[in-house]
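Let's walk through this model together, starting with the strands and ending with the aromatic rings. Keep the viewer open as you read.

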Amino acid sequence: MSRTITALPLSAEAFAPYGDVIEVAGAPDKIINQGLCGRHHDLAKLDFGSGRAGISLFDAKPRSLPLVVDMVERHPEGSQAFVPLNGVPMLVVVADDDAGRPTGLKAFVSGPGQAINLYRGTWHGVLTPLDKAGQYAVVDRIGDGSNLEEHWFPDPWTVEASGTD
């Protein structure tokens with residue numbers, strides 16, 4: 001049996017329980033570089049526990065909606081930020097935690113100029129660029145210990161487009 005959820009546009013308010021939406025919005029916090037650059041400061045709560053921050057580049061194959069989600073994962077030791085490098089929208093699947101198990105899946109589609117930071121321990125789907133291959137800078141924890149938990153659903157979820165895309 002498959003369960004269905006609808007992917008909604010990514011917004012800071014709807015995504016707040018799971019992480020940060022990183023984007024230029026409103027006036028900059030500070031003007032720098034001889035007045036030619038606006039700095040939008042400290043846009044994500046990066047958390048690397050006992051590890052250190054690392055920057056990796058991911059090159060992900062495209063997917064399309066509807067999409068079957070049969071597994072989510074989380075990183076108990078640190079946050080994980082995804083910054084698109086080539087402007088390809090990504091599907092972001094997240095879930096609440098109920099005693100160590102994911103529940104209440106939600107799906108979002110990023111818009112132009114949006115990146116995300118997933119809080120430490122947030123259940124989430126795998127990196128999913130939509131319709132074209134995507135390249136991403138990923139900032140996450142580098143360190144000892146296990147920082148990956150997976151949950152496979154006996155009954156998968158299907159993510160559908162909202163109809164407003």
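In what order do the strands of the open sheet of 5 strands run? The order is 2-10-7-13-5, and the pairing is antiparallel. Here two strands count as paired if DSSP finds at least two bridges between them. Strand 2 (19–22) and strand 5 sit at the edges, each pairing on one side only. From one strand to the next, the twist averages 20°, with axes taken as lines fitted to C-alpha atoms (for helices over the stretch in contact) and angles running from 0 to 180 degrees between N-to-C directions.

Before going further, a word on the ground rules. This is a predicted model, in which local features need pLDDT of at least 70 and side-chain atom pairs count only at pLDDT 80 or more, while totals for chains, interfaces and linings use all residues. Residues are numbered from 1 along each chain as its sequence is written, and side-chain values use heavy atoms, with hydrogens and water left out.

Now zoom out. The protein has 1 helix and 14 strands; these are DSSP runs numbered from the N terminus, with helices being H or I of at least four residues and strands being E of at least two. Its radius of gyration is 16 Å, close to the 15 Å that the globule rule gives for 165 residues, so the protein is as compact as a globular protein of that length. That radius is taken over C-alpha atoms, and the rule is 2.2 Å times the number of residues to the power 0.38. Along the principal axes, the C-alpha trace spans about 60 × 40 × 30 Å.

What about contacts, meaning heavy atoms within 4.5 Å? Among those with a separation of 6 or more, 83% are between residues 24 or more positions apart. Of the 165 residues, 39% count as buried (under 20% relative accessible area; exposed is over 50%, partly exposed in between, with a 1.4 Å probe and protein chains only).

Back in the sheet, follow strand 7 (residues 80–84). Antiparallel to strand 10 (residues 115–118), strand 7 is joined to it by 3 bridges, and A81 stands opposite N117 in strand 10. Strand 7 also runs antiparallel to strand 13 (residues 134–142), with 5 bridges joining the two; there P84 stands opposite Y136. Strand 13 in turn pairs with strand 5 in the antiparallel sense over 9 bridges, and S56 has V138 as its bridge partner in strand 13.

On to the rings. Rings of Phe, Tyr and Trp (its six-membered ring) pair if their centres lie within 6.5 Å; planes under 30 degrees apart are stacked, over 60 edge-to-face, and the rest tilted. By this rule there are 4 aromatic pairs. One of them is F15 with F108, edge-to-face at 5.8 Å centre to centre and 90° between the planes. F15 lies in helix 1 (residues 12–15) and F108 in strand 9 (residues 101–109), so this pair ties together parts 93 residues apart in sequence. Both F15 and F108 are buried. F58 and F82 are also edge-to-face, at 6.3 Å and 80°. They link strand 5 (residues 52–60) and strand 7, 24 residues apart. F58 is partly exposed at 30% relative accessible area, while F82 counts as buried at 6%. Finally, F15, Y18 and F108 form one aromatic cluster.

Definitions and conventions: Contact means heavy atoms within 4.5 Å.
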